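Hi everyone, thanks for making time. I have one structure for you today, so let me put it up.

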Amino acid sequence: MFLEIKDLSVKIENKNILKNLNLSINQGEVHAIMGPNGSGKSTLANVLAGKEDYEILNGRINFKDNDLFDLNIEERAQEGMFLAFQYPVEIPGVNITPFLHSAINSKRKRMNEDEIDNLSFAKLLKSKASDLGINIDMLKRSVNTGFSGGEKKRYEILQMSILNPELAILDETDSGLDIDALKIVTDGVNKLKTKDNSFLIITHYQKLLDYIKPDYVHVMVNGSIVKSGGSEIAAEIEKDGFQKFQ
Amino acid sequence: MNIQNNYQKNKKNIFFSNNKDVQNHREKLLNIFENDRFDKKNNESLKNINLKNFIDFDYKYLIPEEISVINNNQENSYSIVSVNGQCSTFKDDKIEITKILDEDYNDFSKNDTIENNDHFVNLNSLFLNSGFKIVIKKNNNIKIKISNIITDDDLTIFQKNNYICEEGSSLNLIEEYENKNNSSSNILNVIKLEKNSQLNHFLIQDNSPNHNLIITSHSSCKKDSTYTQKVYNFSEGYVRNFHYSELIEANSEADLQGIFFLKDNNTSNNKTFVKHLAEDCKSNQIYKGILNDSSKATYFSNTHVDQVAQKTEGYQLSKGILLSDNASYFSKPELKIYADDVKCSHGSTIGPIDENAIFYLRSRGMSKIAATKILISSFINEELSSIDDEQMAEIIQKKLVRYLSKVK
């Protein structure tokens, strides 16, 4: 199994968020998690990425035959996990280009691959940015600083396309996007889809799933997956809301 | 040895000791020390200082055997090596450098600072043993680099330098303090900017742990003049940076900035004070500090706007990153405004490095240490990228890399 989450319970500041959560993802699959506010979707994304604010009460997560809890945040990224943040952090003074260059090389180093040189990286970055309709001038700016909501999300997808992760977790990437931006972002995601790359897409709305077709849809309520199935579930939620799952 | 005994024993070797007026003034200062001592409770600027080092010292001064050399290799560019605070005399059509002489007591014995009860400035007046005067002549644009060298261990340098930028002149002044011996320097720079003159003053401080540096400056700006000061403190020994500026005529500007990088048990005390005494003047006071291990720092910023100083713009900002739970940074901004048409602001933020930013960078594959270092560099990126002088930018960058190499 590519990613297997077994009986995961997690708390933060004495509040239990995830409760015996189970989820399995195979290579090449696209899974969507839908759920109401406060159901624990972002917590799951953060726990997978390794955020250290949470206390793991029980359960295990296997990722590519590794016990995920044995890997720190950067090791998870270097192993091919990528979290597109719901609220990308503004980091004034850190220029996008050298930051991304350093990020890709840290991954290549772990994979015993040669580092990518400045020129090749600049070419790669330019071509990926152009695919996503990102202005070259934006690459001269500091990470997420002064970006609009849409720019931030687009920039998350740019990072994803550069780092080419094996498992991409998209945490409400559709929030704050207008319809044109949503199309650009989802096109970017679809371009990355191969038989080797898996996606975990967290969203409130079916709209995103009109553009990125999931293989499986899960409904998350109160820290657990309460129903799994195909894209018909998304349509059901769009029609009736989350009430009937609670 | 206490201050009184030090003075009585060494007064013959201190400048202007034969002058009656100076003697009387010094007797008064000695009385102040007798009565006031160093009152830590009522003087926040003495916070975190180990006073013993400054009260009970053994006065020692050596006149350098070889007086400094002044080079004028490139046009409009001069390099000076000041040895034990002394400098040789040099004159051309653009600049005049004179070492301190006994007959110059009028220039050197006055207390020109805004604050009269600064004990360290008073000590400088009491024990004055070195210094020089530099005059930039009218309408010249020049660059001066001064390397401050101390020749022996245990020297106590009390130095006063006078800078005069004549009308229409422009000076880029780079001062380096890189002393590796066990000595202490108490330096007072008095800077006068005449009409339409400009001084960009850079101070690079990188002394060893056993060297104490107390540096005070007082600048006064006449009409249309600008004084910019940038302090980079990488010292492993104690440094006190107290800088005062008076905007005495209209449309003048003072920009006092500093960055300090502290580690181990080191301490640094910082103060900037801008007095707006004329209309249409601007000031900036910005200090940033990075504190590791058990280091401590203070920063006091003051803007005083006189009632005649309408249309004043005065900004203050203090920022600090604490890299350890044991580090501390005390910052206190003050504004005293007596005019009614002014724009003034102050701000202060001190805290640990942003954990969300660290998580974001690590989630892209950067190690925690690399993420920490990149965030420290970004914290001062604006200040570093604004250095126009390539050679200086390179020097500062190297020192930053050295500081970051110790960050765990």
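I'll go through some strand pairing in each chain and then the contact between the chains. Keep in mind that this is a predicted model.

Okay, chain A. Strand S1, residues 3-12, runs antiparallel to strand S4, residues 55-63, with seven bridges joining them. If you want a spot to look at, Val10(A) sits opposite Ile56(A) of S4(A). S1(A) also pairs with strand S2, residues 15-25, again antiparallel and over seven bridges. Those two make a hairpin with two residues between the strands, and Glu13(A) in the turn has a positive phi of about 45 degrees.

Now chain B. Here we've got an open sheet of ten strands with mixed pairing, in the order S3-S4-S5-S7-S9-S11-S13-S15-S17-S19. S3 (90-91) and S19 (328-337) are at the edges with a single partner strand each, so one side of each has no neighbour in the sheet. Further in, S11 (residues 212-221) and S13 (residues 239-247) of chain B run parallel, joined by nine bridges; Ser220(B), for instance, stands opposite Glu246(B) in S13(B). Helix H5 of chain B, residues 119-127, packs on the sheet and touches S7, S9, S11 and S13, with its direction at about 95 degrees to that of S9(B).

Methods. Residues numbered from 1 in each chain as written. Chains lettered and ligands numbered in written order. Predicted model: local features only at pLDDT ≥ 70, side-chain atom pairs only at ≥ 80, totals over all residues. Pairing = 2+ DSSP bridges. Helix = DSSP H or I, 4+ residues; strand = E, 2+ residues; numbered from the N terminus. Contact = placed C-beta atoms within 7 Å. Axes fitted to C-alpha atoms, helices over the stretch in contact; angles between N-to-C directions.
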